[in-house]
Amino acid sequence: MKGWRLLPLLASAALLLSACSSSPGPSSTPQRGANDASLEGAIVEQRWNLLLVGTDERLSMPETPFFEISKEGKVSGYDGCNRFTGEATLGENQRIEFSPLATTRMACPQMGDAKRVTDMLETAYRYLIDHDRLVFFGPDSRVLGGWREGN
């Protein structure tokens, strides 16, 4: 039921971003990456714990998936089954792009859900931060999922 309280926020954020979005092109390409100047912003150097997949689905996993982006643009985390690493780039207008993520190959009962977590990151196109919540949007402005600040 708690997920439903987040739905109006996600829906309004999606509308806001879709109103400001443009089709992908050369000007919307991320500006900074792991090989350039250090990354800055509220999304960087913060642990983000998975809250929702899509607009309202909570995954039931023994350990909560999370990720963190370093100032150098390195991303690392846990998808609920395996650890992953990669790179992240940030651009103008809350543009974000993750490289294909390298993961460990542990087998677990929640492999499908774990893949949904890494797919969300690899598909992310824009993000929005509201207080302690982070929402990822795809290139079509569809809500991919939500995260909450962790410790």
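Biologist: How confident is the predictor in the protein chain?

Modeller: The mean pLDDT (the predictor's confidence in each residue, from 0 to 100) is 82. A value of 70 or more is reached by 75% of the residues. Residues 6-34 have pLDDT below 50. Beyond near neighbours in sequence, that stretch has 50 contacts in the model (heavy atoms within 4.5 Å). Where pLDDT is low, the predicted coordinates should not be read in detail.

Biologist: What makes up the secondary structure of the protein chain?

Modeller: The protein chain has two helices and nine strands. These are DSSP runs numbered from the N terminus: H or I over at least four residues for helices, E over at least two for strands. The pattern along the sequence is α-β-β-β-β-β-β-α-β-β-β. Take contacts with a separation of 6 or more: 55% of them join residues 24 or more positions apart.

Biologist: Why is Leu121 called buried?

Modeller: Its relative accessible area is 0%. Buried means under 20%, exposed over 50%, and partly exposed in between (1.4 Å probe, protein chains only). So Leu121 is buried. Of the 151 residues in the protein chain, 45% count as buried.

Biologist: What does Leu121 touch?

Modeller: Leu121 sits in helix α2. Leaving aside neighbours within four places in sequence, Leu121 contacts Phe67, Phe84, Phe98, Leu101, Phe136 and Trp147. Leu121 and Gly138 are 17 residues apart in sequence, and 9.6 Å apart in space, C-alpha to C-alpha.

Biologist: How many aromatic pairs are there?

Modeller: The structure holds six. Rings of Phe, Tyr and Trp (its six-membered ring) pair if their centres lie within 6.5 Å; planes under 30 degrees apart count as stacked, over 60 as edge-to-face, and the rest as tilted.

Biologist: Why is the pair of Phe67 and Trp147 called edge-to-face?

Modeller: The ring centres of Phe67 and Trp147 are 4.8 Å apart, so they pair. Their planes are at 90°, so the pair is edge-to-face.

Biologist: What does that pair tie together?

Modeller: Phe67 lies in strand β2 (residues 66-69), and Trp147 in strand β9 (residues 143-149), so the pair ties together parts that are 80 residues apart in sequence. Both Phe67 and Trp147 are buried. Phe67, Phe98, Phe136 and Trp147 form one aromatic cluster.

Biologist: Why does His131 count as exposed?

Modeller: Its relative accessibility is 69%, so His131 counts as exposed. His131 lies in the loop between β7 (126-130) and β8 (133-137). It has a positive phi of about 55°, although it is not a glycine.

Biologist: Why is Glu45 called partly exposed?

Modeller: Glu45 has 44% relative accessibility, so it counts as partly exposed. Its place is the loop between α1 (2-20) and β1. Glu45, not a glycine, has a positive phi of about 60°.

Biologist: Why is Asp56 partly exposed?

Modeller: Asp56 is at 34% relative accessibility, so it counts as partly exposed. Asp56 lies in the loop between β1 and β2. Asp56 and Gly146 are 90 residues apart in sequence, and 8.9 Å apart in space, C-alpha to C-alpha.

Biologist: What makes a set of grid points a pocket?

Modeller: On a 1 Å grid over the protein atoms alone, a pocket is an open set with protein on both sides within 12 Å along at least five of seven lines; in a cavity, a 1.4 Å probe fits but cannot get out. Lining residues have an atom within 4 Å of a point.

Biologist: Which residues are closest to the centre of the largest pocket?

Modeller: Of its 13 lining residues, Asp79, Thr103, Arg105, Lys115 and Thr118 are the closest. Helix α2 (residues 111-123) gives the largest share of the lining, six residues. The lining has four nonpolar, four polar and five charged residues. Ala, Val, Leu, Ile, Met, Phe, Trp, Tyr, Cys and Pro count as nonpolar, Asp, Glu, Lys and Arg as charged, and the others, Gly among them, as polar.

Biologist: Which residues line the second largest pocket?

Modeller: Among them are Asn49, Leu50, Leu51, Arg58 and Arg148. The second largest pocket has a volume of about 170 Å³. Strand β1 (residues 48-53) gives the largest share of its lining, three residues. By class, the lining has five nonpolar, three polar and two charged residues.

Technical notes:
Residues numbered from 1 in each chain as written. Predicted model: local features only at pLDDT ≥ 70, side-chain atom pairs only at ≥ 80, totals over all residues. Heavy atoms only, no water. Points joined across faces, edges and corners; volume = space filled by probe spheres on them.
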